[in-house]
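Work through the exercises below with the sequence and the model side by side. Each task is followed by a solution that goes step by step.

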Amino acid sequence: MWKLLGYITKNLIIFIPASLLAGFIAGLYLDLSFLKNFVLFFTFVMIYPMMINLRFKKVFEGGDTKVLLVAQGLNFLVIPFLAYWLGTLFFGENYYLTLGLLMAGLVPTSGMTISWTGFARGNIEAAVKMTVIGLILGSLATPLYVQMLMSAHLKVDVLYIFRQILFVVFLPMVAGYFTQRYLIKKYGQQRLNKEFAPRFSGISTLGVLGIVFIAMALKSREIVNQVSLIFYIFVPLVILYFLNFALATLIGKLFFKRGDAIALVYGTVMRNLSICLAIAMLTFGKAHPEVALVIALAFIIQVQAAAWYVRLSNTIFGPPES
């Protein structure tokens, strides 16, 4: 079973589109409205194992200050406003689609930030720090950005969103930290990294696929009546990721060495779509599943783009130092 989960985790390029397609077909022919009751379960399956794998101590070790500051500047001063602008440009008065695009740009970094940085031979230490800092800051900032940018168009309950984030992010984070400390004390750091961490990643992947399936299943009949909706959503998402990659690459190329530049790219382009999706489903999913649909489709673009960028990294930044 663990080998199967590992295979699925390494091949998200295949399994996320497959989960979306399965949800679409199932939602067409079956009444799956009861799946709303399982959102909380899949959220727990997705988030808690992810938190166990976070390396919190790395943040306090110091170093990489310049690239960390530039990354957070891009993550919180540029990308959210770019996402909002693209949403208003393409979606007009369909404000819930704009909200989905905004949320897809709000919580930076994920565990895959570290993985892809490693695949491209970038600065993994900086990527780890970006992941922890981005998760905490992004979670705190999300309700504020939603209130600031969307309250003129939508009724936004900021306190309710804060409560959902507390439940989705910070409680699992605390539980994950203490679980991590317990496992290190009992089994040691090396066994945690080599044996348990891949298993937790696999379990978290199941949660992601479950949430993606539900988001598509709840929206599939509406998509059939509005076939262009998928293309309608894909275009601004592709533009958002393209501009994000281009900007981060340009800054990395001009101001940083190869390793830091790659960490900067993956620390700003990769969004924690799992957490965004969980928040969207719990907060807006029943009345407006299109918010979650935008984030679910972002998974496809993000994973594909990240994989291709690994192949291009030597061409862009030169080969890694021996």
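Contact here means heavy atoms within 4.5 Å, and a residue is called buried under 20% relative accessible area, exposed over 50% and partly exposed in between, with a 1.4 Å probe and protein chains only. Helices (H or I, at least four residues) and strands (E, at least two) are DSSP runs numbered from the N terminus. The model is predicted, so local features need pLDDT of at least 70 and side-chain atom pairs count only at pLDDT 80 or more, whereas totals for chains, interfaces and linings use all residues. Residues are numbered from 1 along each chain as its sequence is written, and side-chain values use heavy atoms, with hydrogens and water left out.

**Exercise 1. Describe helix H4 and find the helices against which its buried residues pack.**

Step one is the length: H4 covers residues 65-77, and its 13 residues reach 18 Å from the first C-alpha to the last, close to the 18 Å expected at 1.5 Å a residue, where the expected span is 1.5 Å times one less than the number of residues.

Step two is burial: Val67, Leu68, Ala71, Gln72, Leu74, Asn75 and Phe76 are the buried residues of H4.

Step three is packing: these buried residues lie against helix H5 (79-91), helix H8 (124-150), helix H12 (228-255) and helix H13 (258-269).

**Exercise 2. How many salt bridges does a search of the whole structure find, and which residues form them?**

A salt bridge is a side-chain nitrogen of Lys or Arg within 4 Å of a carboxyl oxygen of Asp or Glu, and the search finds two.

One joins Asp64 to Lys129, with the closest N and O atoms 2.9 Å apart. Asp64 lies in the loop between helix H3 (39-52) and H4, and Lys129 lies in helix H8, so the pair ties together parts that are 65 residues apart in sequence. Asp64 is partly exposed, at 23% relative accessible area, whereas Lys129 is buried, at 3%.

The other joins Arg191 and Glu195, at 2.7 Å from N to O. Both residues lie in helix H10 (residues 189-217), four residues apart, about one turn of the helix. An α-helix has 3.6 residues a turn, so residues three or four places apart point the same way. Arg191 is partly exposed at 37% relative accessibility, and Glu195 is likewise partly exposed at 27%.
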